[in-house]
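Please read them with the structure open.

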Amino acid sequence: MAGISLGTRLRNLFTVEKLSEGFFDDLEDLLIEGDLGAKSVIEIIGKLKSKMKTQKVKSESDFITILRDYLSDNIVSGSYEPELEELNIVLVLGVNGVGKTTSIAKLATYLKNEYGIESILSAGDTFRAAAIDQLIFHGNKLGMRVVHQQHGADPGAVIYDTIDSALSRGDKMIIADTAGRMHNKDNLVKELKKIDKIICNKIPENRYKKILVIDATTGQNGLRQAESFHEAVGLDGIILAKYDSSSKGGVVVSICRDLKVPVLFLGTGETYSDLVKFDKELFLNNLLGSK
Ligand code: GDP
């Protein structure tokens, strides 16, 4: 069934099996495969069962409408708007390999195109030497300044220096990288909390955003990652990277439902311009097919 969209499979299931014993089991399997997460799937099935009892689900479009309404009620969309007269900072979080560094470069490109502001990139992942090199590589390609120190340096100090430098030069935007992995999870959480405190002492809340990058292809792992980072520092938004893969990003349903953190952007490819603002209706069309 690979390659057939979730929407088509759901419609087929309804047409063929709606009155059969196995309908709800097969529906549950399809929704779980679509990364909607167990709690959401149980709720959706509960809603359908009660509507079917009262005969309100007569056609496949009634069925898709119920699903769509549920998803629409649960998915939280948001936008990122910097304050153009003052210094803003975005702290970018995420485990290694999700597309964090690439998303930083894409976000810098987006902010330049949308608002005409140059970003300073802050190499706060000092745990991996390659992460610093990668950020410098993107900065050079984009013609943007990268503040960095050596591998193993204190990330809090790197970000502190970046803020001081930006304030003295009158810069408006810092996008800061963070480690995605350390020797153990407790170290990472401790380090992120320390960075968060340093930033909070220097930049007011409304100009400081913590954005998590999630890889659309990792399914419900994305929810677990979001829970950990949200618990550690409190998230303001999500970038769903690799949305151009075969995954249609059902994981954001559970993230939004459980954590109420808005989705801000989708990563749609590997080039710097492949970052688009999240649009809930388009997202639902891609997940379920048009109305
Ligand atoms: P990091 O370890 O989280 O910093 O991950 P990287 O930014 O280095 O990205 C890991 C890989 O994913 C690289 O090959 C990127 O080109 C690729 N990647 C990142 N974002 C996207 C995306 O939106 N779509 C696709 N297709 N690939 C992406």
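1. Helix α1 (residues 6-17) has 12 residues and spans 16 Å from its first C-alpha to its last, close to the 16 Å expected at 1.5 Å a residue. The expected span is 1.5 Å times one less than the number of residues. Helices (H or I, at least four residues) and strands (E, at least two) are DSSP runs, numbered from the N terminus.

2. On the basis of the model: this is a prediction, in which local features need pLDDT of at least 70 and side-chain atom pairs count only at pLDDT 80 or more, while totals for chains, interfaces and linings use all residues. Residues are numbered from 1 along each chain as its sequence is written, and side-chain values use heavy atoms, with hydrogens and water left out.

3. The buried residues of α1 are Leu 6, Gly 7, Arg 9, Leu 10, Arg 11, Leu 13, Phe 14 and Glu 17. Buried means under 20% relative accessible area, exposed over 50%, and partly exposed in between, with a 1.4 Å probe and protein chains only. These buried residues of α1 pack against α2 (23-33), α3 (38-53), α4 (60-74) and α11 (280-288); contact here means heavy atoms within 4.5 Å.

4. Eight strands make up an open sheet of mixed pairing, in the order β3-β2-β4-β1-β5-β6-β7-β8. The edges are held by β3 (146-147) and β8 (275-277), each with a single partner strand, so one side of each has no neighbour in the sheet. Two strands pair if DSSP finds at least two bridges between them.

5. Strand β1 (residues 88-93) is mostly covered, with six of its six residues buried. Both of its faces are covered: Asn 88, Val 90 and Val 92 are buried on one side, and Ile 89, Leu 91 and Leu 93 on the other.

6. Which strands does β1 run parallel to? One is β4 (residues 173-176), joined to β1 by four bridges, with Ile 89 opposite Ile 174. The other is β5 (residues 208-215), joined to β1 by five bridges. Val 90 stands opposite Lys 209 in β5, and Val 92 has Ile 211 as its bridge partner there.

7. Ser 119 lies in the loop between α5 (100-115) and β2 (120-122). Is Ser 119 buried or exposed? Ser 119 counts as buried because its relative accessibility is 2%. Apart from neighbours within four places in sequence, Ser 119 is in contact with Ala 108, Leu 111, Met 144, Arg 145, Met 173 and Ile 175.

8. Helix α10 (residues 251-259) is mostly covered, with eight of its nine residues buried. Those buried are Val 251, Val 252, Val 253, Ser 254, Ile 255, Cys 256, Arg 257 and Leu 259. Just after α10, Lys 260 takes a positive phi of about 60 degrees.

9. Of the 18 residues around the ligand, Lys 100, Thr 101, Thr 102, Asp 244 and Glu 270 come nearest; a residue is near a molecule if one of its heavy atoms lies within 4 Å of it. An oxygen atom of the ligand is 2.9 Å from a polar backbone atom of Lys 242. For Val 98, the distance from a polar backbone atom to a ligand oxygen is 3.2 Å. A polar backbone atom of Gly 267 is also 3.2 Å from an oxygen atom of the ligand. The protein covers 79% of the 580 Å² of accessible area that the ligand has on its own, by the Shrake-Rupley method with a 1.4 Å probe.

Conventions:
Polar contact = N/O pair within 3.5 Å; in protein donor to acceptor, adjacent residues only side chain to side chain.
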